[in-house]
Amino acid sequence: MKHTPYFFLLPSILILSFTSLYPICYSIYYSFFNWRWGDEKDFIGLGNYLTLLTDKEFWIIIKNTFVFAFFACFFEIVIGVFLAIYIDRIKIGSTIIRTILLIPLMVSGISVTMLFKVMLDNMFGIIPYFLSFVNIKSNFFGSYTAAMPTIIGLDVWWQTSFVFIIILAGLKSIPHEPIEAAKMDGASEWEITRYIRLPMIRSLLLLVLIFRSIDTLKVFDIVWGTTGGGPGLATEALQTYAYRVAYSFLEMSKSMTVMVLFSIVVIFLTVLYSRLNKDL
Amino acid sequence: MKKIKKHKHLISAYIVSFVAVAFTLLPVTWLFMLSIKSKGETFTKPPKWIFDPTINNYIKLWDNDLFKDTFFNSIFITLISIVLSVTIALFAAYALKRYQIKFKTAFMQWLLLAYMLPEFLFVLPMFAIYQTLGIYDTYLGMAIIYQVHVLPFSIWMLRSFLEEIPKEIDDAAIIDGCGPLQAIYRIYLPLIIPGIVATAILNGIWVWNELAIALGLTFFDAQPITVGVASFRGYASIDWGGMTGSAIISIIPMVLFAAFAQKHIVKGLTLGSVKG
């Protein structure tokens with residue numbers, strides 16, 4: 001009887017060990033080897049880490065990933081919170097608005113790339129066609145300067161409703177009394193939002209910030225599906241790079257080293273979240 | 001005066017939501033329109049707004065065995081993943097609710113970490129062991145690795161649904177002499193059926209839309225629909241009909257399912273920490 005709960009947890013523990021602990025240990029172990037697909041595995045100690053961390057290309061990719069994550073998060077959170085504050089006021093029709101705004105979240109990353117490739121294609125796309133009227137020759141995915149902002153735009157279209165829907169639920173759960181009291185004291189709508197509504201949902205704002213930053217750092221689908229990391233290295237992110245290193249260059253251990261380093265960042269952010277969450 | 005002010009706020013709210021709705025729907029509508037245009041009319045300039053809709057692109061996709069297979073592969077992988085995760089998670093969630101467990105916090109943190117880890121971390125280690133076990137490129141292999149994401153999610157969701165059941169029901173079950181298995185099967189399961197459905201749907205949407213792991217761990221037999229859709233992306237000559245049609249086919253079932261789970265989506269997105 002005493003062991004019943006552990007017996008119930010056992011299947012979960014076994015499956016999670018196999019799917020999460022095993023890959024971490026395997027990756028760490030082989031990150032100390034020089035292993036090309038098909039070749040012998042040679043122990044090289046920290047060799048992979050040193051090669052990567054002294055590689056200019058790798059730092060560009062790290063920079064890309066963080067630039068992408070920063071701007072995507074920034075716009076998603078600003079637009080999502082803004083939308084939630086406005087749509088919170090609506091009583092009639094709010095369900096239908098919410099349902100429609102949820103659609104992008106249900107679309108797979110690869111389908112998002114299809115949506116926008118069709119619209120932004122240099123030859124056939126509708127947007128370059130309209131831009132040509134005002135003499136703008138656009139090249140959304142192919143130019144060094146435009147590719148990254150375009151990818152960020154795709155992610156903003158795709159994931160802003162994540163922020164919106166959570167913040168809206170938070171705003172709806174705020175009790176009426178403090179807001180009514182502030183209104184009686186003559187506070188403006190903006191002041192009520194700034195000093196009452198937003199502080200009351202700060203734990204949700206933190207949740208949104210951490211979840212979105214981890215998710216944007218992990219970007220894969222929308223880069224792989226559109227630019228494939230190009231032009232040059234302009235949009236290469238950590239996960240697309242790890243994929244390319246393994247599947248195009250067959251450097252298995254190097255790819256795993258990238259993922260080990262990246263996982264440390266993700267684990268750090270996750271632990272940070274659970275620590276901060278308790279304090280709030 | 002006060003009334004006008006109130007209306008001003010409401011009007012601006014409707015304007016904002018109209019713009020947001022338009023931005024959301026335009027790309028999807030445009031893609032759908034292209035998918036029902038005939039080949040010659042797809043990219044006429046200026047674009048044709050009035051045209052004879054045709055389902056040729058969809059018929060062609062249905063006849064395309066490679067794409068059709070990915071569609072059914074995804075259905076099987078999704079179903080196996082859901083059944084596996086919900087069954088296992090139900091026991092774990094019950095244990096977390098009902099018993100004092102040592103290392104409970106550590107276990108919950110582990111769930112969060114597993115849920116958050118980057119997809120490509122799993123690909124190469126799993127590739128190696130799946131080759132040895134002979135489950136590379138199979139439905140089972142895919143369903144197992146997807147548990148790293150959907151199992152923590154299901155445990156969270158089911159736990160938060162179980163927490164809502166009043167304590168009296170717990171106690172009544174024990175007084176009646178129910179063993180734990182009986183209690184789960186007879187008492188809790190019927191009470192949280194809506195929660196189980198919502199969890200299953202949200203899991204299903206994630207599995208259906210997953211690409212990175214699928215690219216690494218399937219080759220042919222178990223390729224899911226995301227890889228099928230991706231196969232239409234090309235640089236030299238693009239099959240626009242296949243591209244638009246396949247994307248629509250992959251989108252529509254998920255949007256319909258999401259409508260069913262509407263009520264629980266917020267709970268799902270926040271891992272059970274906020275009620276919808």
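## Chain B as a whole

Of the 276 residues in chain B, 45% are buried, a residue being buried if 20 or more other C-beta atoms, placed from the backbone, lie within 10 Å of its own. This is a predicted model, in which local features need pLDDT of at least 70 and side-chain atom pairs count only at pLDDT 80 or more, while totals for chains, interfaces and linings use all residues. Residues are numbered from 1 along each chain as its sequence is written, and chains are lettered from A in the order in which they are written.

Chain B has 13 helices and 0 strands, where helices (H or I, at least four residues) and strands (E, at least two) are DSSP runs numbered from the N terminus. The C-alpha atoms of chain B fill a box of roughly 75 × 75 × 30 Å along the principal axes. The radius of gyration of chain B is 23 Å, whereas a compact globule of 276 residues would have one near 19 Å; the value is taken over C-alpha atoms, and the globule rule is 2.2 Å times the number of residues to the power 0.38.

## The contact between the chains

The contact takes 73 residues from chain B and 67 residues from chain A, with two residues in contact if their C-beta atoms, placed from the backbone, lie within 7 Å. On the side of chain B that touches chain A, the largest share, 16 residues, comes from helix α1 (residues 2-35) of chain B. That side divides into 57 nonpolar, 13 polar and 3 charged residues (Ala, Val, Leu, Ile, Met, Phe, Trp, Tyr, Cys and Pro count as nonpolar, Asp, Glu, Lys and Arg as charged, and the others, Gly among them, as polar).

## Helices α6 and α9 of chain B

The axes of helix α6 (residues 139-163) of chain B and helix α9 (residues 193-209) of chain B come within 10 Å and cross at roughly 155 degrees, which makes α6(B) roughly antiparallel to α9(B) (angles over 145 degrees count as such). Residues of α6(B) including H149(B), F153(B) and F161(B) meet residues of α9(B), among them T199(B), N203(B) and W206(B). By class, this contact of α6(B) with α9(B) has 8 nonpolar, 5 polar and no charged residues.

## Helices α4 and α7 of chain A

In chain A, the axes of helix α4 (residues 94-106) and helix α7 (residues 147-172) come within 6 Å and cross at roughly 130 degrees, and therefore α4(A) is oblique to α7(A). R98(A), L101(A) and L105(A) are among the α4(A) residues that meet α7(A), where the partners include W157(A), S161(A) and F162(A). The contact of α4(A) with α7(A) has 9 nonpolar, 1 polar and 1 charged residues.

Key
Axes fitted to C-alpha atoms, helices over the stretch in contact; angles between N-to-C directions. Parallel < 35°, antiparallel > 145°, perpendicular 65-115°, else oblique. Buried ≥ 20, exposed ≤ 12 C-beta atoms within 10 Å, placed from the backbone.
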